[in-house]
Amino acid sequence: YSAAVPIKKKKMYADVLLFGRSIGTGPACRLAAEVKCGGLILISPYTSVKDLVSEHAGAVTSWLVAEGPDVFPTDQCIGFVTCPTVIIHGKLDVVIPSKQSERLEQLLHPQTPRSLQILKTLGHSGVELFYAAVQEADTLIDMRRRPHRPLNLRSFLDNPALQGDTIAAAVPGYDVASNTWSRPTLEPGEEPYLRETPDGSVAQHGFKLPNYMLGLQ
């Protein structure tokens, strides 16, 4: 959320879909309540941290933390969301109960377009949740208002200006410490690991990785 605040004032969100999953739904919902964006997609969202604590630690502990900071109270933000909103949740979710999604759907403004899908056979995680989100977003949100710029993934990953190659994995990896990508270098099934920044890398970590992170111990 803090990274999005500087560009929030530039009104660049009209064609942007905001997405959040699990604990990330709080920041996404708050941002959607503050800007006019193209749509909001929430997977396994929560109503508030207090409600989460109550679910897992009981009402007494929830009361004890009630006075603490609740930076992203989704239940207090979602009523200000006006963009089309997709909410996806697994009925078998034991981390964040699906009833919290049902509550959030009720708190949306009456005129806000919405779609709530509670998937009976899924829990807190699963690629099927994302498939459902894509399907519902395509139905609820006008994805064809502006032409899309095609992305050539291979050309993107092979761009020397983006290569850090600090991650050894069988799939492309993104290194948040250096804001760089690493191309696939391992075979499927091999365990990924972090490695020393190679010669010629654009990554600038500023520190030496410990041996245990490099798989040397």
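Ser22 counts as buried, because its relative accessibility is 13%. Buried here means under 20% relative accessible area, exposed means over 50%, and partly exposed is in between, with a 1.4 Å probe and protein chains only. Ser22 sits in the loop between β1 and α2. Its phi is positive, about 55 degrees, although Ser22 is not a glycine.

A word on the source. This is a predicted model, where local features need pLDDT of at least 70, side-chain atom pairs count only at pLDDT 80 or more, and totals for chains, interfaces and linings use all residues. Residues are numbered from 1 along each chain as its sequence is written, and side-chain values use heavy atoms, with hydrogens and water left out.

Now Ser44. Ser44 also has a positive phi of about 55 degrees, and is not a glycine. Ser44 lies in the loop between β2 and α3 (49-57). Ser44 is buried, because its relative accessible area is 0%.

On to the sheet. Four strands form an open sheet in the order β1-β2-β3-β4, with parallel pairing. The edge strands, each pairing on one side only, are β1 (17-21) and β4 (114-119). From one strand to the next, the twist averages 10 degrees. Strands are DSSP runs of E, at least two residues; helices are runs of H or I, at least four; both are numbered from the N terminus. Two strands pair if DSSP finds at least two bridges between them. Strand β3 (residues 85-90) pairs with β4 over six bridges. His89 has Ile118 in β4 as its bridge partner.

Next, the helices. Helix α2 (residues 25-34) lies across β1 and β2 (39-43), at about 155 degrees to β1. Helix α7 (residues 127-140) packs on the sheet and touches β1, β2, β3 and β4. Its direction makes about 155 degrees with that of β3. Axes are lines fitted to C-alpha atoms, for helices over the stretch in contact; angles run from 0 to 180 degrees between N-to-C directions. Contact means heavy atoms within 4.5 Å.

Last, Asp93, in the loop between β3 and α6 (99-107). Which residues does Asp93 touch, not counting those up to four places away in sequence? Ser44, Leu122, Gly123 and His124. Asp93 is buried yet has no salt bridge. That term needs a side-chain nitrogen of Lys or Arg within 4 Å of a carboxyl oxygen of Asp or Glu. The nearest side chain of opposite charge, Arg21, is 7.1 Å away. Lys and Arg count as positive, Asp and Glu as negative; His and the chain ends are not counted.
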